[in-house]
Amino acid sequence: MNCTVKMSTNGINTPLKLQFGLINYENRYLTAEAFGFTVNASATSLKKKQTWTLEQDQENQVVFLRSHLGRYLATDKDGKISCEREVPDPDCRFLIVPQSDGRWALQSETHQRYFGGSAEYLSCFAQIIGEIEQWTVHLALHPQASMLSVPRKRYVHLSIADDKLCTGRDIPWGVDSLITLVYLEGKYCLKTCDNRFLRNDGKLVIENEPNTCFTLELKSGKLAFKDSEGKYITPMGPTGTMKSGRCSTPWKDELFDLEESHPQVVFQGANKKYVSIRQGVSVSANQNDETDMETFQMEIDKDTKKCMFRTNGGNYWTLVSHCGILASATEAEENTMFDIEWLGRRVALRASNGKYVSTKKNGHLAAVSDSVGEDEMFVLKLINRPILVLRGENGFVCHHKTSNTLDANRSVYDIFSLLFNDGAYQIKSGKGTFWYVSNSGLVCTDGDKPEDFFFEFLVYGRVGIKAQNGKYLRGDQGGTLIANGTNVDNFSLWEH
C-alpha cells in the first residue's frame, strides 16, 4: 500500500512520503480500480493502481488508506469493503496490528473486525487474525535515500575509517551518505554506496544472505528494521555503528526517517579548477581536489524549475551587489535562483539578473556575461549516485528477462553503476557490460565499450537522460526503454 505517512523529521531535507503496496497471503496486491471504485487483490506486481497512501491521525494510531484515485478504503458494520469516499469518515478508520514476521493486520477501529481475503472476495469481518488477514508491506518509493536516526538526529553514512555504517553525520553530505533499500521476497536489505550489504552484526558484506535481510516495521510514522532473530537495528556506541541491538520491540533508539536524497555535484570552471567555498563565503573556481567544500547540493524549485545550490554549511549561493556570487544566503529567495542551460558535456548558469555566471581570471564567479563563451561553461559532475536506480512514469528500469533490452515499467528494479566521463555518464550493468543505443533507438545493455549519456536535472526530483543520438530516453507503449524522445515530458523524466 502506498503509505504516504508524513515522516516528521529534524533533518535538512524533505521527508519522503512512504508509499506502499500491500500483498495478501496469495502473493497478490491490493488494487483500487477506477471503474466503480472497487478493490480486489488480484494483481501480481506493484504499479500505480496498487499504490496506497497511508495517512495517520496525529492524535492516535488510527490510519486512513487512500488509493491512487484519492478515495479512501472503508468497511461497513457487515464487513463490506468499498473505496469511493473522497473524505474519510468513521468507516475509514483502521488500526495497524503488527505481526511477529513483520506483516500487518488491519483492524477496523469502528467495527473491531479484521480486513482480508483474495481476488474480488475481500471483507473486513474476521474476529481473529488468521493467514488471510495478514498483509506484507512493499515500499513503493524510490529506494535511494538519506537515513536519519530519530533520537540521535544524525545521518547514517559509510565510515571509511571504521568500515562500518555509522550514524554520525550532521548532514547527509557526499556519496557515503547514500543508502539504497533493496527489496527481496518481502524483506529489505540496506546497501552502501560501494555495493555492500549491512549484516545484523554490523559488518558490511558483498553477498546477500539471511542476516542481511530485515523486516520493515512502521511505528508512529517512523521505520524500524528487524533482523531474522527478532532484534532491531540500532546505532551503537559513540560512532553510532549500525547493528542489531538487544531489543525485541522497537523503541525510540531503533527508529529512522528516510529523506529524499538531492543530487550533489561538483563544478569545474574553464580554468580546470573546482568551484569551492574553502576560502570562506566567496564562491571561486580555485581548487585542485574535491572535498565537502567543493560539493554543492542541487535543489530545484518545483514551480519555477530554477536551481539553488546549497553548501555543506547550509547556506545558498546568492547573487550580491557588483554581480558577485557568495555562499551567504540562509534561505531561498530570488537571488539564490539560477537557470541551468544544458550544453552536452558542459552547463551554463544564468543568475537572477539575467547574466551568465563567468569564471574571472582570479577564479571568482560573477554573473556578468550576456552570452555563453568558454569562461561561462562549467563541467557539472554528479557525485552521490555511483549506483543508479531509475523509476519513470510507469515503473522501474529493469533488464528484460529474455533479451538485451531494458523494461521501463517494472515493479522491481535493477541497480546499475554510473561512471563519469568529462561531463557525460556511462552506465554499466551488473554483468560488467555497458548501455548503448542501437540503430533502431533501443537501449541495450550488452555493450563491450561504454557509450556516453547526458544527464539533465530539469525538474524537482527528476532527470532527463539524453543519448548520443540527441534523443531522450523514454518508455515506449510496450514498456521498452528507447531513445526517441524529442522533448521532455512525464515519460522521459526519471526519479534517480
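Trainee: What makes arginine 113 count as a charge over the ring of phenylalanine 125?

Mentor: The charged end of arginine 113 lies 4.3 Å from the ring centre of phenylalanine 125. The rule asks for NZ of Lys or CZ of Arg within 6 Å of the ring centre and within 35 degrees of the ring normal. Arginine 113 is listed as sitting over that ring. Bear in mind that this is a predicted model: local features need pLDDT of at least 70, side-chain atom pairs count only at pLDDT 80 or more, and totals for chains, interfaces and linings use all residues. Residues are numbered from 1 along each chain as its sequence is written, and side-chain values use heavy atoms, with hydrogens and water left out.

Trainee: Which ring does arginine 71 lie over?

Mentor: Phenylalanine 37, at 3.9 Å from the ring centre.

Trainee: Why is the contact of arginine 71 with glutamate 86 called a salt bridge?

Mentor: Their closest N and O atoms are 4.0 Å apart. A salt bridge is a side-chain nitrogen of Lys or Arg within 4 Å of a carboxyl oxygen of Asp or Glu, so the pair is counted. The whole structure holds 32 salt bridges.

Trainee: Are arginine 71 and glutamate 86 buried or exposed, and what decides that?

Mentor: Buried means under 20% relative accessible area, exposed over 50%, partly exposed in between (1.4 Å probe, protein chains only). Arginine 71 has 16%, so arginine 71 is buried. Glutamate 86 has 58%, so glutamate 86 is exposed.

Trainee: What does the salt bridge of lysine 306 and aspartate 339 tie together?

Mentor: The closest N and O atoms of this pair are 2.8 Å apart. Lysine 306 lies in the loop between strand 28 (296–300) and strand 29, aspartate 339 in strand 32 (residues 339–343), so the bridge ties parts 33 residues apart in sequence. Strands are DSSP runs (E, at least two residues), numbered from the N terminus. Lysine 306 has 27% relative accessible area, hence partly exposed. Lys306, Asp339, Glu341 and Arg350 form a salt-bridge network.

How values were computed: Helices (H or I, at least four residues) and strands (E, at least two) are DSSP runs, numbered from the N terminus.
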